[in-house]
Amino acid sequence: MKMTSEWVMILDEVDQLNDLILNSDVHRQLVDATESVYSNPSLVQKITEFNKTKDLYEDVQRFGKYHPDYTQIMKLIRTQKRELDMDETISALKVAENEFQDLLDEIGIIIGKTISEAVKVPVSNPFFQTDTGCGGSCGTGGGCSCSA
């Protein structure tokens, strides 16, 4: 493929869009929320412990209720997850992540519709799914109703 002046203009537009996204309030909120979570040593320790428990949970899932530690690990992972979910700093991070994902979904839809109305754009938010005609599972081998 040859690099034409049209491709250079498209790449310049992409760079401008990237700069707009990185300088947006939504991105700044995401960065601030991430820094708040990962600069808190007690939260980092809780997250590390939760990740270790997740590894145990995956091992338990291989054997199901027949695993000797099934009940204990199931209770532990639920307790740790609830504790993390109830933390205000982590909740703020989740909200910021969702808002940033919504921004990216909206940009993807706009770009897709600019190219063609037939372009299917998988999105994470159900609000945008009806707009695209795609349930977001096109990669599952025909699991969605679109005709991609």
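R78 sits in helix 4. Helices here are DSSP runs of H or I with at least four residues, strands are E runs of at least two, and both are numbered from the N terminus. R78 is exposed, because its relative accessible area is 51%. The cut-offs are under 20% for buried, over 50% for exposed and partly exposed in between, with a 1.4 Å probe and protein chains only. T53 lies 25 residues from R78 along the chain, and their C-alpha atoms are 9.9 Å apart.

This is a predicted model, in which local features need pLDDT of at least 70, side-chain atom pairs count only at pLDDT 80 or more, and totals for chains, interfaces and linings use all residues. Residues are numbered from 1 along each chain as its sequence is written, and side-chain values use heavy atoms, leaving out hydrogens and water.

Now the whole protein. It has six helices and zero strands. Of its 148 residues, 22% count as buried. The accessible surface is about 10,700 Å² (Shrake-Rupley method, 1.4 Å probe). Carbon and sulfur atoms hold 56% of that surface.

How confident is the prediction? The average pLDDT, the predictor's confidence in each residue from 0 to 100, is 87 for the protein. At least 70 is reached by 84% of the residues. Confidence is highest in helix 2, at a mean of 97, and lowest in helix 6 (residues 126–132), at 58. Where pLDDT is low, the predicted coordinates should not be read in detail.

Next, the interior. A nonpolar core is a set of buried Ala, Val, Leu, Ile, Met, Phe, Trp, Tyr and Cys residues joined through side-chain atoms within 4.5 Å. The largest one has 14 residues. L30, V37, L84, I90 and L93 touch the most other members. Helix 2 (25–38), helix 3 (41–63), helix 4 (70–86) and helix 5 (88–115) each supply at least two residues of this core. Helix 5 gives the most, with five. Beyond its neighbours within four places in sequence, L30 contacts L93, A96, E97 and F100 (heavy atoms within 4.5 Å).

Which residues lie nearest the centre of the largest pocket? They are Y38, I47, L84, I90 and K94, among 14 lining residues. Helix 2, helix 3, helix 4 and helix 5 each supply at least two residues of that lining.

Conventions
1 Å grid on protein atoms, 1.4 Å probe; cavity = no way out; pocket = protein on both sides within 12 Å on 5 of 7 lines; lining within 4 Å.
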